[in-house]
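Colleague: I have not looked at this one before. Can you put it up and take me through the charged pairs?

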Amino acid sequence: MARGWLRPGEAAPDFSLPDQNRKRVTLGSVRGSRVILYFYPAAGTPGCTAQACDFRDNLMFLRGAGYVVVGVSPDSPERLGEWSREEGLSYPLLAST
């Protein structure tokens, strides 16, 4: 396995990043939940929008099963806020820049 990669079931290291509302979100704040942490290259592109909207459309089911969804991209919090409002995304989108 490549250096720095996690093994299945291994806890990820904590981090703190701003979300689409400029609120700091830490992985530790959802520790104990099952977390779907997904990464995408750019808000608003067709593939990323399809992926984000699939999570949006299944969010009630996922939350009911104990999952928390968090997306991460290199976009600015402002861009993530715009995209979140445009697409009705109600879960944290984190800016890794």
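Modeller: What follows is a short talk through the salt bridges of this predicted model.

Colleague: How many salt bridges are there?

Modeller: The count comes to four.

Colleague: Start with Arg 22. Which residue does Arg 22 meet in a salt bridge?

Modeller: Its partner is Glu 78, with 2.1 Å from N to O.

Colleague: Switching topic, what does Asp 57 pair with?

Modeller: Asp 57 forms a salt bridge with Arg 56, at 2.8 Å from N to O. Asp 57 is exposed, with 54% relative accessibility, and Arg 56 is partly exposed, with 28%.

Colleague: Then Glu 86. How far apart are the closest N and O atoms of Glu 86 and Arg 79?

Modeller: They are 3.9 Å apart. That still counts as a salt bridge because the cut-off is within 4 Å.

Colleague: How accessible are those two?

Modeller: Glu 86 is exposed, with a relative accessible area of 55%. Arg 79 is partly exposed, at 23%.

Colleague: Which residues are joined with Arg 79 into one network?

Modeller: Glu 82 and Glu 86, through salt bridges that share partners.

Technical notes. Residues are numbered from 1 along each chain as its sequence is written. This is a predicted model: local features need pLDDT of at least 70, side-chain atom pairs count only at pLDDT 80 or more; totals for chains, interfaces and linings use all residues. Side-chain values use heavy atoms; hydrogens and water are left out. A salt bridge is a side-chain nitrogen of Lys or Arg within 4 Å of a carboxyl oxygen of Asp or Glu. Buried means under 20% relative accessible area, exposed over 50%, partly exposed in between (1.4 Å probe, protein chains only).
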